Amino acid sequence: QKARSIKGPKFIQILSPCPVGWKFPSHLAIKMAKLAFETCVYPLYEVENSKYIIRKPRNKKLVSEYFGYQGRFRHLKTEEISGIQQAVDREWELLLSKENLTSVVDAS
């Protein structure tokens, strides 16, 4: 509804967990989507009029928890998962800095 109310082009990206492709039981589909958010692998945010608004998880979880349910990641070694965690953390901090920067610009 919000996108509909905005004039001009809009972009919406949606995560849709795939039990078959991701190799996890279908009853965990909602849990997988929540974990993607809670681990910041798939952050939820809006950019409207160049302003970032980020929804932050209450308790940020480790990427290993998200990967642990999915057969598609079983081949990854501990050090590889650690590297992915570092990359996710860097991207998360970058996203947070964009929110901070755009809130300062908006306030002036």
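**View 1. Lys2, Glu46 and Glu48 are joined in a network of salt bridges.** A salt bridge here is a side-chain nitrogen of Lys or Arg within 4 Å of a carboxyl oxygen of Asp or Glu. The structure has five salt bridges. Please keep in mind that this is a predicted model, in which local features need pLDDT of at least 70, side-chain atom pairs count only at pLDDT 80 or more, and totals for chains, interfaces and linings use all residues. Residues are numbered from 1 along each chain as its sequence is written, and side-chain values use heavy atoms, with hydrogens and water left out.

**View 2. Glutamate 38 meets lysine 61 in a salt bridge.** Their closest N and O atoms are 3.3 Å apart. Glutamate 38 belongs to helix H3 (residues 29-38) and lysine 61 to the loop between strand E2 (51-55) and helix H4 (63-68), so the pair ties together parts that are 23 residues apart in sequence. Helices (H or I, at least four residues) and strands (E, at least two) are DSSP runs, numbered from the N terminus. Glutamate 38 is partly exposed at 22% relative accessibility, and lysine 61 is partly exposed at 28%. For these terms, buried means under 20% relative accessible area, exposed over 50%, and partly exposed in between (1.4 Å probe, protein chains only).

**View 3. Lysine 56 forms a salt bridge with glutamate 99.** Here the closest N and O atoms are 2.7 Å apart. Lysine 56 sits in the loop between E2 and H4, and glutamate 99 in helix H5 (residues 78-107), so this pair ties together parts 43 residues apart in sequence. Lysine 56 is partly exposed, with a relative accessible area of 42%, whereas glutamate 99 is buried at 14%.

**View 4. Tyrosine 45 and tyrosine 52 make a stacked aromatic pair.** Rings of Phe, Tyr and Trp (its six-membered ring) pair if their centres lie within 6.5 Å; planes under 30 degrees apart count as stacked, over 60 as edge-to-face and the rest as tilted. By this rule there are four aromatic pairs. In the one shown, the rings are 5.9 Å apart centre to centre, with 20° between the planes. Tyrosine 45 is partly exposed at 43% relative accessibility, while tyrosine 52 is buried at 19%.

**View 5. Tyr66, Phe67 and Phe73 form one aromatic cluster.** Within this group, tyrosine 66 and phenylalanine 67 make a tilted pair, 6.0 Å centre to centre and 40° between the planes. Both tyrosine 66 and phenylalanine 67 are buried.
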